[in-house]
Structures are given as C-alpha cells and as structure tokens.
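Hi there,

Here is the structure I promised to pass on to you. Have a look at it first, and then read on for what turned up.

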Amino acid sequence: MNITNDIKPVTYLKSRAADLLRQINETHRPVIITQNGEPRAVLQDPQSYENMRNALGLLKLISAGEADIREGRTKSQEEMFDEIEGALKESCK
C-alpha cells in the first residue's frame, strides 16, 4: 500500500470528485484530503466506515468489561443464571 496515492489536495476533490469516490469504493482505502498542505478530512467508503464503527463499539465494550473486572463488579456464572432464571419466572406470572 502506497499512502501517497491516498493523499489528495482539496482542489483534486473539487475537480475529480467522481473519480475519487470510485477509487475509495473500489480500493476500500480511505483518502486523506489536505488543504494548504495540512490534513483536513478523511474520505472513506460506507462499508469500511461501518466496520470501523462496529469494531470501536466492541473495543469500548471490552474496555468497560475489563474495568468492571478490575473494580470487582463481577458475578459468578451461577449467580447470573440464577438471576436470569428468577427474572424469567417473574415475567411469566
């Protein structure tokens, strides 16, 4: 992967938007848009964006779980199943 192909100035975006969108959707690589030589935005295809968001969501859940373990906010499997069973019995009444 050659990242220099994935960095484009904003003028390129303005003049060749359709080509840029085709490239992004075919390669599934994000493109960095620069303005005055500075990175200003990242363009990404929708599927890659959704995959990234899902991965970040999972990482947040894992991190929260690890924090719970560190803080001692855990239950045994047996306790959890007993609670679920009790809640199910209560909802069936």
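Threonine 4 counts as exposed, because its relative accessibility is 52% and the cut-off for that class is over 50%. This residue sits in the segment before strand 1 (7-9). Please keep in mind that the model is predicted.

Aspartate 6 belongs to that segment before strand 1 as well. With a relative accessible area of 3%, aspartate 6 is buried. Aspartate 6 forms a salt bridge with arginine 29, with 2.8 Å between the closest N and O atoms. The pair links distant parts of the chain, 23 residues apart, since arginine 29 is in the loop between helix 2 (17-27) and strand 2 (31-35). Arginine 29 is partly exposed, at 26% relative accessibility.

Glutamate 26 is exposed at 56%, while arginine 22 is partly exposed at 45%. Another is formed by the side chains of lysine 75 and glutamate 83, at 2.4 Å from N to O. Both ends are partly exposed: lysine 75 has a relative accessible area of 46%, and glutamate 83 has 40%.

Now to helix 3. Its 25 residues reach 36 Å from the first C-alpha to the last, close to the 36 Å expected at 1.5 Å a residue. Just after this helix, glycine 72 takes a positive phi of about 75°. Tyrosine 49 lies in helix 3 (residues 46-70) and is partly exposed, at 40% relative accessibility. Together with Met52, Leu56, Leu59 and Ile62, Tyr49 forms a nonpolar surface patch of about 480 Å² of accessible area.

As for the whole chain, there are 4 helices and 3 strands, in the order β-α-α-β-β-α-α along the sequence. The radius of gyration is 23 Å, whereas a compact globule of 93 residues would have one near 12 Å. The C-alpha trace spans about 65 × 30 × 20 Å along its principal axes. Buried residues make up 11% of the 93 residues. The accessible surface comes to about 7,700 Å², and carbon and sulfur atoms contribute 56% of that.

Best wishes

Key:
Residues numbered from 1 in each chain as written. Predicted model: local features only at pLDDT ≥ 70, side-chain atom pairs only at ≥ 80, totals over all residues. Heavy atoms only, no water. Patch = residues over 30% accessible without salt bridge, like charges linked within 9 Å, V, L, I, M, F, W, Y side chains within 5 Å. Areas by Shrake-Rupley, 256 points an atom, 1.4 Å probe, with all protein chains shown as cover. Salt bridge = Lys/Arg side-chain N within 4 Å of Asp/Glu carboxyl O. Helix = DSSP H or I, 4+ residues; strand = E, 2+ residues; numbered from the N terminus. Buried < 20%, exposed > 50% of the residue type's maximum accessible area, 1.4 Å probe, protein only. Rg over C-alpha atoms; globule rule 2.2 N^0.38 Å. Expected span 1.5 Å × (residues − 1).
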